Amino acid sequence: MQSKNWDDLRYFLALFRGGKLKAAAQATGVNETTVARRVKALESDLGLSLFLGSAAGRYEPTDAALDILSYAETMESANRALQLRADRTADHVSGVVRITAVPIIINRVLVPQIDVIGQLHPQLTIELFPSSDNLDLSRREADLALRFARPYEGGFRIKAQKLGELQFGVYVDRKISADDAENLGWITYDDANASLPQAKWLEKTISASSTRRANIRVADVETALEATANGLGKTLLPSLIAEGDKRLRALILDDQTNPVARDVWLLSHVDQTGRASILAAKKWLVGIKWSGLD
């Protein structure tokens, strides 16, 4: 018997023990049609008749079924032991996982929540590498990467998973009054980063309203936040991060809509996905509420 038949053996055992399709379906969490189909597939694969139907709707085991019963139960026990072993291993995750992301994600999102994974897996070390460059996962420059855009390189070797969206809003130094904030200049981005969604929105808004620019341009969101918190101007910032900074205050836009939303993607290399340490780190990152503040 080939190992591929274990899944069909599960349905055989359920029907043997329950005697009826309904009981077997309840035990395995599927419908009665699936149980009947899987048992029939096992019979076909083995070339044996395992059950005889009765007028009462019961399935009576044949001699052939009794012959393979001990084998099926041994397979069941082995499968349970393997699962228990895997569960124990998952509870003792160790090693090092290197995660790269833009500085603001590392500093303002991951660092404040590092205790979450630390308490679950005290033997696991998370190595945080803030960088705006796209590190090469294939060359093991990092194990996991968080990016604001889905990758178009890496092919089938890179696995991409969308974690959520970072909503952006307009923020200003909390100490600045509403009237002064209205006339405050916009903090914009340098030419090298003019293609960023928030940079495009700022340029469009400035052109449409003839409002002035601040006397500072930045290259990343982290610098934009610090410049805003120091009263140098107003700008777009991720609400998830800005709302947690007591130095900042949100400005209500006339149309009351989110001007920009940027996707957050988790990238990993397919060769790494089976590692317990990688799985634990990915579960932690997926659990972060990227799309909201609730």
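This is a predicted model: local features need pLDDT of at least 70, side-chain atom pairs count only at pLDDT 80 or more; totals for chains, interfaces and linings use all residues.
Two packed helices are described by the angle between their axes and the distance between the axes. For helix α5 (residues 103-110) and helix α9 (residues 221-229), the angle is about 65 degrees, and the axes lie 7 Å apart. On the α5 side, the contact is formed by Pro103, Ile104, Asn107 and Arg108. Helix α9 contributes Val221, Glu222, Leu225 and Glu226. Sorted by class, the residues in the contact of α5 with α9 comprise 4 nonpolar, 1 polar and 3 charged.

A search of the whole structure for cavities of 30 Å³ or more returned 1. The largest cavity holds about 50 Å³ of space. Its lining consists of Ala101, Val102, Ile105, Leu146, Arg147, Phe148 and Val264. By class, 6 of the lining residues are nonpolar and 1 is charged, with no polar residues present.

Glutamate 43 is located in helix α3, which spans residues 32-46. The relative accessibility of glutamate 43 is 11%. Because the cut-off for a buried residue is under 20% relative accessible area, glutamate 43 counts as buried. When residues up to four places away in sequence are left out of the count, glutamate 43 touches Leu48, Ser49, Leu50 and Phe51.

Terms used:
Residues are numbered from 1 along each chain as its sequence is written. Side-chain values use heavy atoms; hydrogens and water are left out. Axes are lines fitted to C-alpha atoms, for helices over the stretch in contact, and angles run from 0 to 180 degrees between N-to-C directions. Helices (H or I, at least four residues) and strands (E, at least two) are DSSP runs, numbered from the N terminus. Contact means heavy atoms within 4.5 Å. Ala, Val, Leu, Ile, Met, Phe, Trp, Tyr, Cys and Pro count as nonpolar, Asp, Glu, Lys and Arg as charged, and the others, Gly among them, as polar. On a 1 Å grid over the protein atoms alone, a cavity is a set of points where a 1.4 Å probe fits but cannot get out, and a pocket is an open set with protein on both sides within 12 Å along at least five of seven lines; lining residues have an atom within 4 Å of a point. Grid points are joined across faces, edges and corners, and a volume is the space filled by probe spheres set on the points. Buried means under 20% relative accessible area, exposed over 50%, partly exposed in between (1.4 Å probe, protein chains only).
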